[in-house]
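Let's take a walk through a protein model together. Keep the structure open beside you as we go.

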Amino acid sequence: MTPSPTGPTGSGSTDVPAVTLDDVRDAARRLAGVAHRTPVLRSRTLDALVGAEVHLKCENFQRIGAFKFRGAYNALSRLSPRQLARGVAAYSSGNHAQAVALAARELGSRAVIVMPEDTPRSKWDATAGYGAEIVPYDRYTGDRVAIGRRLAEERGLALIPPYEHPHIIAGQGTTALELIEETGPLDALLVPVGGGGLMAGAATAATALVPGIRMIGVEPEAGDDTARSLAAGHRVTVPVPRTIADGQAAETPGELTFAINRRLLDSVVLVSDDEIRAAMRLAFERLKIVTEPSGATALAALLAGRVTPLPPRIGVIISGGNVGVERFVELMG
């Protein structure tokens, strides 16, 4: 795998590089001692509720509070010293922003982040806290990709896309690699899907390690771009999703991520905002963990009975926990 982090960014390029289990393992070596090896949580209460053995990969305990640090660090760590000195740019609704900002700080670089004006305050403040310069835009009228590209060109920055690059995908795939190394073979793996990078990486690793595993993506009902794209056989665009799962508010799947996911996914299921809230509440009250809405969608699908037939051993990726106290209380109210 040779492309640099300035490669595919959703531009419509037909050059679609492959991502392999070896790439995921290489990313794991780069992340060793830098990213957390997050815990896998079990709960008899949860098992009884759903009628299966459930293994929760808790990326809410990852650095920056979400899985995104894995891909960001894997991508930035491959930049030349000269490019690191110039800096990097990214566009994100929050978690990728924090991940790039922290990875840049760890590697002695600087980050310029394009973020929606309505980004949750906790994510905005955390990104700034890691030393990033934030450039705001209106997610309903602005084009974050165009803004990011312009900044990168004007300032000589490396553009680090949130999901549309093989180094990002390989880094995210280390979540499934670690999970299966700890649990052994699973019958199914539920993964939240936004732009598709986490699913593409997880599916690359899981299907290579456990042939026959069912890969089940989960999207919010208002942001079902991947489900619609799989049904159509090509990428489709939906209106900007209005959902509490802001980290999954994608309008269209990435070109590279969709190429991988259409090959490796078994299905995509949808959950409502109320079902996401219920999963967040159960995670807090019974499992004693805090999840952001996007981080809880895979658990929500399991609790809502979206997985049929129900396999005996299921992995669930809790993708993040970045939610402020006020927002959490508002959602639970």
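To see a salt bridge up close, look for the side chains of Lys123 and Asp246, which meet at 3.1 Å, N to O. Before we go on, a word on the ground rules: this is a predicted model, so local features need pLDDT of at least 70 and side-chain atom pairs count only at pLDDT 80 or more, while totals for chains, interfaces and linings use all residues. Residues are numbered from 1 along each chain as its sequence is written, and side-chain values use heavy atoms, with hydrogens and water left out.

So where are these domains? Domain 1 is made of 21-31 + 38-66 + 165-332, and domain 2 covers 69-159; the bounds come from an automatic or database domain assignment. The contact (heavy atoms within 4.5 Å) takes 28 residues from domain 1 and 22 residues from domain 2.

How much area is buried between domain 1 and domain 2? About 2,200 Å², with carbon and sulfur atoms giving 51% of it. Buried area here is the accessible area (1.4 Å probe) that two parts lose on being put together, summed over both. On the domain 1 side, Arg30, Arg63 and Ile64 lose the most area to domain 2, together 30% of what that side buries.

## A closer look at Ile64 and two other spots

You'll find Ile64 in the loop between β2 (53-58) and α3 (68-76); helices (H or I, at least four residues) and strands (E, at least two) are DSSP runs, numbered from the N terminus. The phi of Ile64 is near 65 degrees, a positive value in a residue other than glycine. Is Ile64 buried or exposed? Ile64 is buried, with a relative accessible area of 7%; buried means under 20%, exposed over 50%, and partly exposed in between (1.4 Å probe, protein chains only).

Now hop over to Lys288, in the loop between α12 (273-285) and α13. Phi of Lys288 is also near 65 degrees, a positive value in a residue other than glycine, but Lys288 counts as exposed at 64% relative accessibility.

Our last stop is Pro309, in the loop between α13 (297-303) and β10 (313-318). A cis peptide bond joins Thr308 and Pro309, with omega about -10 degrees.

Notes
A salt bridge is a side-chain nitrogen of Lys or Arg within 4 Å of a carboxyl oxygen of Asp or Glu.
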